[in-house]
Amino acid sequence: MDDKPPPLVEVDKLCVTAGAQTIVRDVSFTIAPGEVLALIGESGSGKTTIALSLLGHARPGCRIASGSIRVGAHLPIRLRPAELARFRGRHVSYIAQSAAAAFNPAQRLMAQVTESAILHGLPRADAEARARTLFRALALPDPEGVGALFPHQVSGGQLQRLMAAMALITEPQLVILDEPTTALDVTTQIEVLRAFKQVVRERGATALYVSHDLAVVAQMADRIIVLRDGAMQEMAPTATMLAAPAHPYTQSLLAAAEPTPRLIAPPVAAAPLLRVENLVAGYGPRNAQGQPMIPVLHDVGFSIAPGSVLGVIGESGCGKSTLAQVIAGLLPAAAGRITLDGEPLAPALADRSRDQLRRIQIVFQSPDMALNPAHSVRQLLGRPLQFYFGLRGAELDRRIAALLDMVRLPAGLAARLPAGLSGGQKQRLNLARALAAEPALLLCDEVTSALDTVVAAAILDLLAELRRELGIACMFISHDLSTIRAICDQVMILYAGRAVEQGGRQVMQQTPMHPYTDLLLSSVPALRTGWLDSLSATHLAEAEGGLTRAAAALPCPFQPRCAVRIAGVCERQPPPLRHLAKGAEILCHHDEAALRAAQQHDAPAFASAAPLASAH
Amino acid sequence: MSPLARLILARLASGLLTLLTVSLLVFLATEMLPGDVAQAVLGQSATPDAVAALRASMHLDQPGWLRYLLWLQGLLSFNPGHSLVNDLPIATLVGSRLPNSLLLAALTALVAVPIALTLGITAAVWRGSRYDRIVGLFTISAVSVPEFLVATLAVLIFAVQLHWLPSMFYRLDLSSPLQMLRVFALPVITLSFVVIAQIARMTRAALINVLDSAYIEMAVLKGVRPVRLVLRHALPNVLGPVVNAVALSVSFLLGGVIIVETIFNYPGLAKLMVDAVSTRDMPLVQACAMIFCAAYLLLVTLADITAILANPRLRHR
Amino acid sequence: MSGILIRHRPASLAGLLVVGVWVVLAAFGPLLAPHAETAASLGIPFDSISRAAPLGTDYLGRDMLTRILYGARYTVGVAAIATVLASLSGTLLALAAATTGGWIDTCLSRLLDAMISLPSLLFALVVVAAVGSTIPVLILTAAIIYLPGAYRTVRALAVDIAAMEFVKVARARGEGSFYIMHTEILPNIVLPVLTDFGLRFIYVVLLLSGLSFLGLGIQPPYADWGSLVRENMEGLAYGAPAIIMPALAIASLTIGINLLIDSLPKPGDADGR
C-alpha cells in the first residue's frame with residue numbers, strides 16, 4: 001500500500017560540537033523528493049550548522065562529531081576532500097543569507113553563476129545559456145545583460161535571485177536556502193520569495209529552507225522543524241504547526257511573531273510635548289539655499305503628545321534613524337523648527353541647555369554598539385546620574401539599584417562589563433541608561449530589531465510597563481510593522497524622507513491609505529499558508545521596483561513604482577497634503593474617493609488576515 | 001572626464017603635493033645648520049672677501065624663501081649645484097652612482113618579491129600549521145633584526161667560514177654571470193632578508209582576511225578546489241593590499257640600502273649620501289634625500305593607482 | 001575586545017623574560033659590570049670567549065661584557081625616551097584630532113602623512129648632517145620621525161571608536177570633548193596603542209643603532225650597541241665575538257619585544273618603519 005518513494009535526504013542522530021560544547025544534538029529527519037522542509041529557530045539554535053553539514057561542511061572550530069547523513073546515493077560527511085568538491089554544487093547547492101557578502105566582488109556575475117556547472121563538466125556555452133534561462137525564470141531585469149555586471153552594480157534583491165540561479169544551475173538534488181531574504185526590506189522580500197517559490201515549484205526541487213521567520217516559512221515549506229539550542233522541539237506539516245502547535249516553545253514563537261497590542265490610553269493633554277515642523281536635514285555641505293548636498297529628510301512635520309508613542313515606519317534608507325538623530329541634536333537640522341514643551345530647541349547639541357538634553361534621550365538599535373565595552377554596568381548607569389543630578393556615594397548606588405530593578409535586571413550585575421550580559425540584558429541596560437536621565441521623551445531606534453522574537457517581545461512588555469509607571473512619551477522607530485502595531489498610539493510612514501502618511505494607529509487598518517502604505521502593509525508576510533500566492537498583481541508590480549537614488553529626488557518619490565500614478569501630474573508637481581476621513585494625513589494627488597476605488601478590489605491581505613480592531 | 005580618471009589624477013596630484021611638502025621639510029631640516037656655512041666650508045683662515053664671494057654664490061645673502069625657490073628650481077632643472085667638498089657638479093656625482101643603486105634595488109626586488117609572495121600565500125593557505133608558525137617566526141625575527149646583523153652573519157658564514165664569496169666589494173665586475181653572482185650575492189641576500197619578511201607578513205594578513213570572507217565559503221560550497229580557490233577567488237581581491245605591501249617595503253629597502261652599501265663599500269647613491277653626511281656636504285645631502293624621497297613616493301603612488309585599477313567597484317561603476 | 005593581556009604561550013613568556021632582563025640591565029648594568037666603563041685593555045684585541053672576558057674582547061682588548069652592559073643604557077634608555085615622546089605626543093594629537101575633527105584634523109593629518117613619506121633613516125641622516133648627533137638631538141629626531149606613525153595608528157583607532165553609538169550617546173548627553181576622549185575612547189584603544197608603542201620602540205632601536213653603525217649616532221666616548229658593532233668591524237675577518245655579541249644583543253631585544261606584543265592586537269602592521 002505504501003508506494004511513497006524513499007526519502008532523498010536522511011539525517012540520523014546528527015551531533016555537531018564546537019570545542020567542548022555540543023551545538024547540534026541528536027537531530028534526525030528525512031526529506032522526500034520534491035519536498036520543502038523548513039528549519040526554524042532563533043540565533044544559536046543550530047539551524048545553519050545543520051544545513052551546512054548536509055554539504056559536508058563545518059565552520060572553523062566546529063566538528064561533526066557523530067551521526068549519519070545521506071543525500072541521494074552520497075554520504076557527505078564520509079567523503080574525502082576531492083570527492084567532496086565533486087559532490088558540492090553538483091548534488092547539493094547552497095543559497096546564503098547575505099548575497100552581498102557571498103558574491104566575489106572581483107568577478108563578473110556570469111562567471112560566478114556558471115562556475116559550479118563548468119567545474120562539474122558542463123561546456124561554458126551551455127552553462128551560460130542555462131544561466132540566462134534561469135535569469136528569465138527568476139524574473140531578473142535584463143536577463144541577457146546582467147551576467148556581464150559586477151555584484152556591486154545590481155540591487156540586493158536581484159543579487160539574492162542571482163544566487164538562486166547560481167544554486168540551481170547544476171540542477172542539484174537538494175537546494176539549501178539559508179535565511180535567503182532576511183537581509184532584505186519587506187517590499188523587496190516578496191518579489192524574491194515569489195521567484196524562489198516559482199522556480200522550486202516548476203522544477204520540483206527538493207529544498208531545505210532555514211529561517212527564523214515563521215510567516216516566511218509558512219509560504220515556502222511543506223513541513224517545519226522547530227529547533228532550540230541545537231535540539232529538535234517539534235516537527236509537523238506547515239498547516240498543522242500554524243493551527244495547532246504542540247510544543248510550548250513553538251507556541252511562544254507563534255505568539256511572539258504576532259504580538260498582542262500593549263496599549264495604554266495616553267493622558268489627554270492640550271499641548272504636545274514635542275512638535276516638529278517643516279524639518280529638512282541631510283549630510284554633506286550645504287548649497288546656497290541652505291539645502292544639504294545629500295538630503296535625507298524633506299519637510300517632515302509631526303507632534304508627540306505627553307505620554308504617547310509615535311511609531312515611525314519605513315524601509316532602509318527612508319530617513320527614520322536620521323530623524324531620531326536630528327531630534328537628539330546629533331545631526332543639526334538644515335531647516336525647520338523643533339519645540340519641546342513649547343520651548344524651541346536649537347538645532348545643534350552645543351546650543352541646547354543641559355536640561356533640554358536630559359529630557360530627550362536616545363536609545364540605539366544595537367546594545368553592543370551603544371554600550372561602551374570598557375565601562376561596567378555601574379559606570380554606564382552612574383554617569384548620567386552624576387552628570388544630570390550630581391548624585392554620588394550611597395545615593396548614587398541606591399538609584400543605580402532602583403534603575404536595574406526597574407528594567408528587571410538583578411542588582412548583582414552592577415559590577416559586570418557589558419560583555420558578560422546576554423543580548424536581552426544588554427538592551428535592558430541600554431534602556432535603563434536612558435531612563436536614568438528621567439526623560440520626558442525616549443527616541444527608540446529599532447530597539448528590538450537585533451533581538452530574537454521572544455526576547456524582543458519581553459522588551460516590548462518592559463516598554464509598555466515603563467510607560468504606565470513613568471508616563472514617558474516615545475518615538476518608536478522600526479521597520480517591523482507588527483512591533484509598531486503592538487505599541488504605538490500614532491504612526492508616521494516615511495518614504496524617501498517624506499512623511500507620506502500619518503495619523504492614529506487606525507490608519508494602518510482602514511482604507512483608503514496612501515499607495516505606499518498599502519504596498520508596505522500588503523508586503524508583510526501573514527502567518528498563514530497561501531498568503532504569498534494570494535498577493536495581487538498590482539502589489540507585485542509595485543514591489544518589483546524598489547527605491548532608486550534618482551527617484552528619491554522626484555516631487556513624489558513613490559511615483560515610479562505607484563500603480564495609480566496620474567501621468568503628467570505625479571512626475572511634475574509635489575503631491576498635496578490631504579486629510580482623510582479615517583483621521584490620517586497623506587501626501588498624494590489622489591483624493592479619498594479615488595484611492596478608495598483603487599484599493600477596494602485590492603484590499604491588503606494583511607487587513608483581512610489580522611483583525612486588529614478586536615484586540616483592543 | 002570619467003570618475004576613474006578623476007580619482008587617478010587626484011591621487012597623482014596628492015603625490016606631487018606630498019613631494020613638495022617633503023622638499024620643504026628637507027630644506028627646513030638642513031636650514032637648522034648652526035653657524036655660517038661659507039665660513040665652515042672655507043675654514044677659519046679664509047679671507048672675508050672669499051667668504052663673502054662664496055656666500056653670494058650659494059645665495060646665502062638671500063632670504064630663506066627665495067633660497068628655497070632657487071634650490072627647487074635647481075632640482076627641477078637637474079642642476080642642483082656643486083658639492084661643497086670637492087666642488088664637482090652634484091648632477092655628475094649622482095649620475096655616476098644612481099644606476100648602481102637602481103641595479104642593486106632591482107636585483108633585490110627580483111629575488112625578494114617572488115619568494116615573499118610564495119611564503120605569504122602558502123602561510124595563509126596553511127594557516128595554523130607548523131609551516132605557518134615557522135614562517136611566522138622567521139618573518140617576525142627578520143623584521144626586528146638590524147640589517148647590519150644580517151650582513152655580518154652573512155659575511156661570517158659565506159666569506160669567513162666558507163670562503164665562497166668576497167667579504168668586501170672591490171669593483172663592479174659584471175664581466176660574467178658568475179662574477180656578478182659573486183659580487184651581488186651578499187648585498188642582495190642581506191637586503192632581501194628584511195624585504196621578504198615584510199612583504200610575506202602583509203601578504204599573509206591580507207589573504208587571511210579574504211579567506212575568512214563569506215564569498216570564499218560560498219565558493220567552497222560550490223565545489224571549488226583549493227588551488228582554484230586561492231588563485232581565482234582570493235588573490236584578485238588581495239591585489240590592492242599586496243601591491244601596497246610591496247611598495248611599503250621599499251621604505252625598508254631604502255633604510256637597508258644605506259646600511260648595506262656602507263658595509264659592503266658598494267658605490268651607490270646611499271654610500272654617497274652617508275659620506276656627504278659625514279663631511280656635512282649639505283647640497284649633496286639635500287639632493288640625495290630628494291632623489292630617495294621621490295623614488296619612494298613614486299612607488300607608493302603607483303601602488304595606490306594599481307589598487308584603484310584593481311578594484312572593480314571603482315573600475316566599473 | 002579581549003581583556004587578556006598576554007596569552008600564555010611560551011613565545012610570549014620568552015619575550016617578556018628577555019625584555020625584562022634587558023630593562024633591568026639597562027638600569028643596573030654598570031653595577032653588575034665586571035670592569036669599569038673606561039677600564040684599560042685586558043689583553044689581546046679580538047680575543048675569543050674566556051673566563052676573564054665572557055663575551056670576548058674588543059679592538060682595544062677591552063672586556064665586551066662590560067662594554068655591552070654600559071651600552072644597554074644608551075640603546076634601551078635613549079630609545080625608550082624617544083618612543084615615549086613619540087607615542088605620547090602622537091596619541092594626544094590623534095585623540096584631539098579624532099574628537100574635534102574639522103580642519104584641525106585635516107591639516108594635521110596632511111602634514112604628518114607627508115612626514116611619513118620621508119624614509120626614517122634618510123630623515124635622520126639629513127638632521128644629523130645639519131645639527132650633529134648629540135644625545136638630545138638623537139632623541140628628538142627619533143621622536144619626530146615616529147610621531148606621525150603613532151598619530152596615524154591612534155587616529156585610525158580613535159576615529160573608529162568615535163563613530164560608535166556609545167560615543168553618540170555621550171555627545172547627546174551633553175558631554176565635552178575631554179570626557180569623550182578620556183573616558184569613552186581611550187579605554188577602548190589602550191591595548192592596540194600599547195602594541196603600537198612596542199612596535200615603535202623596535203623601530204627606534206633599529207634606527208638609532210643603524211645611525212651608530214654608520215658612525216652618525218651616539219658619539220665616543222659613549223657607545224651604544226650599534227657603535228660597538230662599528231668599532232669592531234675589523235674583527236669580522238677573524239670571526240671575533242666582539243662584532244657578533246652586540247648585534248645579537250640588539251636582535252634579542254627587538255625579537256623579544258615582537259614576541260611579547262605578537263599576542264596583542266596589532267594595529268601598526270601596515271605602516272613603514
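Reader: In this predicted model, is Lys582(A) buried or exposed?

Author: Good place to start! A residue counts as buried when its relative accessible area is under 20%. Lys582(A) has a relative accessibility of 9%, so Lys582(A) is buried.

Reader: Which residue does the side chain of Lys582(A) meet in a salt bridge?

Author: Look for a carboxyl oxygen within 4 Å of the side-chain nitrogen. Here the N to O distance is 2.9 Å. Lys582(A) sits in the loop between β20 (577–579) and β21 (584–587) of chain A, and its partner is in strand β19 (residues 498–504), 81 residues apart. That partner is Glu501(A).

Reader: What is the relative accessibility of Glu501(A)?

Author: Glu501(A) is the acidic end of the bridge with Lys582(A). Glu501(A) counts as buried, because its relative accessibility is 0%.

Reader: Which residue of chain C does the side chain of Arg383(A) meet in a salt bridge?

Author: Arg383(A) lies in helix α14 of chain A, while the partner is in the loop between α6 (165–173) and α7 (177–213) of chain C, so the pair joins two chains. The N to O distance is 2.6 Å, and the residue you want is Glu175(C).

Reader: How many residues apart are Arg378(A) and Asp397(A)?

Author: These two form a salt bridge, with their closest N and O atoms 3.3 Å apart. Arg378(A) is in helix α14 (residues 377–389) and Asp397(A) in helix α15 (residues 393–406), both of chain A. The pair links distant parts of the chain, and the separation is 19 residues.

Reader: Which residues are linked with Asp341(A) in a network of salt bridges?

Author: The structure holds 34 salt bridges over all chains, and some of them join up into a network in chain A. Besides Asp341(A), its members are Glu343(A), Asp355(A), Arg358(A) and Arg359(A).

Reader: What distance separates the C-alpha atoms of Thr529(A) and Thr238(A)?

Author: Thr529(A) is found in the loop between α19 (515–523) and α20 (537–545) of chain A, and it is partly exposed, at 39%. Among its contacts beyond four places in sequence are Ala218(A) and Thr238(A). Thr529(A) and Thr238(A) are 291 residues apart along the chain, yet their C-alpha atoms are separated by 7.7 Å.

Conventions: Residues are numbered from 1 along each chain as its sequence is written. Chains are lettered from A and ligands numbered from 1 in the order in which they are written. This is a predicted model: local features need pLDDT of at least 70, side-chain atom pairs count only at pLDDT 80 or more; totals for chains, interfaces and linings use all residues. Side-chain values use heavy atoms; hydrogens and water are left out. Helices (H or I, at least four residues) and strands (E, at least two) are DSSP runs, numbered from the N terminus. Buried means under 20% relative accessible area, exposed over 50%, partly exposed in between (1.4 Å probe, protein chains only). Contact means heavy atoms within 4.5 Å.
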